[in-house]
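Visitor: I would like to learn how to read the features of a structure, starting with a single pair of side chains. Could you take me through them?

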Amino acid sequence: MTEIQETELPGVGVLQAFDTAVGSRVGVLTTRSGRRELLLYDEDDPDSCRARVRLDAEDSVVLADLLGGTHVVDAAASLQRLEGLAIDWLTVSRSSTLSGVTIGDSAIRETTGASVVAIIRGAATNAAPGPADRLAVGDVLVAVGTPDAVASLTALVESG
Amino acid sequence: MLVAAAQTEVTTAFVQLGLILLGLSLAARAADRAGFSPIPLYLLGGLAVRAAGLIPARVTDDFIGLAAEIGVLQLLFALGLEYTVPELSRELRRNLRAGVVDLVANFVPGALIGLLLGWSPVAAILLGGITYVSSSGIIAKLLSDLGRLGNRETPTVLSILVLEDLTMAVYLPIVAVLLAGAGFVTGVVSLAVALAVVGVIVAFAVRIGPWLSRMVDSESDEVTVLVVLGLVLLVGGLVQEVDVSAAVGAFLVGLALSGPVQQRASTLVEPLGNVFAAIFFFVFGLGIDAAAVPPVLVPALGLALVTAATKAGLGWWAAGRAGIGKHGRWRAATTLVVRGEFSIVIAGLGVAAGVESRLGPLAAAYVLVLAVVGSLLVRVDRLPAFLDRTGRRAAPV
């Protein structure tokens, strides 16, 4: 468990900081007025801050969301991997041989062993793509399979 | 006829006050642009107006004089508002040693120079106070502006400032008693009374603080401003009545307020307080004859040099104790050098009591030098290479 060091700053607020796994120091200063500052400490002079970002209440929520959201995805992915299954998000590149081809014609499952379980196009998500669905450049494919199968699909989708 | 005469007087007062405030606004704007505290410019403004012979008739009594007095109360009130009692007692327990070292290292040089100049002991004690207290107002602003609030040396710096401010709460009543000029026995008695009053109010503030804060807190901005200003003036006046400085009363009112009302009071009342404080600095400058400055320039500069060094030494040492590296220690050292508003408050007390004619000019010169030099010094972010010998000898703790 990461240890968070908390320091009270009389007249200002509270400073909380911790050292990351690779040794960078990150802090959050919460002032009495509720304003927050995200602080990144300098590696040469660990007592001072290399950068600071001022966050109002809403910014803090957004940042926490982003970090928290990634955390959930990470957790889901690692859970999948535990069961000998890999899951990945792949973007169809311009040079990919799959662009303009339907899922049925592409024979993805037969050639790579991985399944496309969803297609994300812009804001729309097709959660149950059928053989007639056609792939386009920029589509994000959610692929599931053994790690090897997903890797070979990755090669097909991203470089062609 | 009488009405007409009074009318002219009001008109003149409006014009004078308007010109003064506009002048101060120019000073504040220039200082803000340059990223410095406006206090030196306010002082210089007062000095310049007097030197140019523009001194407005009766400007130092009546309203403007009163406004300046209120300015002192506002400064101390704002200071008390920054802290809560638990914070103060925690800092006191944790950093008592640094506080004592600070007091000795920075009070003694001022007091000694005062005595060497042949001043009375009271005037020397005032000068000691002037050299002792760093400007928590300027320093807090600098730390925030320079983005150093998150730095690891900052808690050390703030602790020292807290202890100095707390010392002021004891020092000001002592000075008030000394300035009242009573004999030894009456002096000791009134001192005991004064300190007892401070103690009682602090205890009272702890007890009724939450209750008072709830009472004062109101949805209406107007109510908040009126109640807070009223409390500050009332307590200040009552406390002055028993020979404790009114400023201490204002400080204690600020201390007693906590929670949401603390935040509201600081956003609503402080801008108004800043106006009064600016007038206070201006009036202090106005009270100084520019011709009286050159004769005290040498002691002022000497004192500035010595007490910049002692204060920096204290910061270096205290940050070292907290395990800060050399660059952080350098920042702690240079940050604390700035003297400002409280030195002027102390000098103002002495000038008002007329203890020593050279006190005002010397304090003004001293604060001008250290407010400017200190604000420049603080911007040197890292220990300059020519001073960096500790790095080669041994790694800092």
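Guide: Start with a salt bridge, defined as a side-chain nitrogen of Lys or Arg within 4 Å of a carboxyl oxygen of Asp or Glu. Here R52(A) forms one with E37(A), the closest N and O atoms being 3.4 Å apart. R52(A) lies in strand β5 of chain A and E37(A) in strand β4 of chain A, so the pair ties together parts that are 15 residues apart in sequence. Over all chains the count is 17 salt bridges. The model is predicted: local features need pLDDT of at least 70, side-chain atom pairs count only at pLDDT 80 or more, and totals for chains, interfaces and linings use all residues. Residues are numbered from 1 along each chain as its sequence is written, chains are lettered from A and ligands numbered from 1 in the order in which they are written, and side-chain values use heavy atoms, with hydrogens and water left out.

Visitor: Which order do the strands of the five-stranded sheet in chain A have?

Guide: Strands (E, at least two residues) and helices (H or I, at least four) are DSSP runs numbered from the N terminus, and two strands pair if DSSP finds at least two bridges between them. The order in this open sheet is β1-β2-β3-β4-β5, with antiparallel pairing. β1 and β5 of chain A are the edge strands, each with a single partner, so one side of each has no neighbour in the sheet. Neighbouring strands are turned by 20° against each other on average, direction ignored; axes are lines fitted to C-alpha atoms, for helices over the stretch in contact, and angles run from 0 to 180 degrees between N-to-C directions.

Visitor: How many bridges join β2(A) to β3(A)?

Guide: Seven, and the two strands run antiparallel. L15(A) stands opposite L29(A) in β3(A). The hairpin of β2(A) and β3(A) has five residues between the strands, and G23(A) there takes a positive phi near 95°. β1(A) and β2(A) (residues 13–19) pair over five bridges in the antiparallel sense, with Q5(A) partnered by A17(A) in β2(A). Their hairpin has three residues between the strands, and G11(A) has a positive phi near 85°. Five bridges join β3(A) to β4(A), also antiparallel, and V26(A) has L40(A) in β4(A) as its bridge partner.

Visitor: Which strands stand at the edges of the four-stranded sheet?

Guide: That open sheet has the order β6-β9-β7-β8 in chain A, with antiparallel pairing. β6 (86–91) and β8 (124–126) of chain A stand at its edges, each with a single partner strand, so one side of each is left without a neighbour in the sheet. β7 (residues 115–121) and β9 (residues 140–145) of chain A pair over five bridges, and S115(A) is opposite V144(A) in β9(A). Helix α4 (residues 147–158) of chain A lies across β6, β7 and β9 of chain A, at about 0° to β6(A).

Visitor: How many residues of chain A are in contact with chain B?

Guide: Contact means heavy atoms within 4.5 Å. By that rule, 22 residues of chain A touch 26 residues of chain B. Buried area is the accessible area (1.4 Å probe) that two parts lose on being put together, summed over both. It is about 1900 Å² here, with carbon and sulfur atoms giving 49%. In chain A, P10(A), R32(A) and D47(A) lose the most area to chain B, together 36% of what that side buries.

Visitor: How many salt bridges are there between chain A and chain B?

Guide: Four. The side chains of R331(B) and D45(A) meet in a salt bridge, at 2.8 Å from N to O.
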